[in-house]
Amino acid sequence: MRNVFLSEDFPMTPHTEIFNELLKLAVESGASDIVIKSNRPGFVRLSGRLKPVDMDPISPMEVMAFVEEHAPRVFMEQWEKEGQVDFAYSTEGVGRFRVNAFHQRGLVSVVFRHIKSRVPSFADLNLQPDPLLRMAQAKDGILLVCGATGSGKSSTMAAMLDWINQNMDKHIVTIEDPIEYTFTDDKSVFQQREIGLDVPSFELAIKSVLRQNPDIILIGEMRDRVTFETAISAAETGHLVFSTMHAATVAQSLTRLFEFFPPEQQVQARRQIAGSLRGFICQKLIPKLEGGGRVPASEILYADVTVKNLILEGQFDKIQSLLESGIDSNNFSFNKDIYRLIKSGLISKADGMRFSPNPQQLEMNLKGIFIKS
């Protein structure tokens, strides 16, 4: 039996199984992620910072045994062939986790992401609801939630879908790898499909989703041109599509969309994207000033007539000034939201400056100087 506790005052009662001990500790400590590397003690991520766990090193045999015991059988061929696999893992009384197992230097490592059992609300996430609700109530189109890995994209998307579930009668089909938040039908009906368990491949799930009579489609990640073209097709036929992208800002997100298309199709792509896009929500997590944890800072672009015209004309360089101008409360930059978080006492000025894409401008904003359109 092992004693497992964080090196900074997080004791716990040991369990018989080392992984469940570590996961229980992580959840009780408020960690978002758990990192396990063969021949090393575990690490947990608290408020964005990686902290070591005071425990014995975990052997390669223990790590390998965990993967072989808990990865679904249908994934084992992929594990043996590709050396990496994603799956979900649950342990009673502790919670549910998204798991990525992979090889490095001939040994196995595992990373766990804790998935909260309750779908968060806008208030839970300290998000400004008005621009999100405006997008969530769109009849059709594509809505993209963007940010780096671990920036809370799935939580924001889940909060929007939960609001729809409580207020609108929609048929919602999700395609995820693996499923993160699980929803209970309220006014809406959810069909949640997990790659590998409910459908063999992401490509097959995407190909068949339009035949499943959805009102809303959630695609776990906008990963390639085929996925994006399916999303455009769905949007053009009256569906609302939620998805995520790995991009740091609205400007970068817009650029990435056009990277799906070859140069000779850029004009056509501008027409399609301008017609189908409903908006971007980009976010990053900043440590809270008090109480631990992190709060999202957002950059939001609602695709109104002005934005659509800028996309059609290829004037992407004007998007940032539109976000900064303050003409429309539904559009705002990271600096404007970081300014709000500092003024409300949720984050420190130092952290605001550290996470700002333009700290000099943020300093001006804090002195009451803003860009005018």
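This is a predicted model: local features need pLDDT of at least 70, side-chain atom pairs count only at pLDDT 80 or more; totals for chains, interfaces and linings use all residues.
I began with E28, which counts as exposed at 51% relative accessibility (exposed is over 50% relative accessible area, buried under 20%, partly exposed in between, with a 1.4 Å probe and protein chains only).

Residues are numbered from 1 along each chain as its sequence is written, and side-chain values use heavy atoms, with hydrogens and water left out.

Next I looked up the partner of E28: its side chain meets that of K24 in a salt bridge, 2.3 Å from N to O (a side-chain nitrogen of Lys or Arg within 4 Å of a carboxyl oxygen of Asp or Glu). The two sit 4 residues apart in helix α1 (residues 18-29), so about one helical turn separates them. Helices (H or I, at least four residues) and strands (E, at least two) are DSSP runs numbered from the N terminus. K24 is partly exposed at 22%.

I then counted the salt bridges and got 10 for the structure.

Another entry is E180 with R98, also a salt bridge at 2.3 Å, N to O. This pair links distant parts of the chain, 82 residues apart: E180 is in the loop between β9 (171-176) and β10 (189-194), and R98 is in strand β6 (residues 95-104). I found E180 buried at 13% and R98 partly exposed at 21%.

D140 is in the loop between α5 (129-136) and β8 (141-146), R278 in strand β13 (residues 277-287), so the pair ties together parts 138 residues apart in sequence. Here D140 is partly exposed at 24%, and R278 is buried at 16%.
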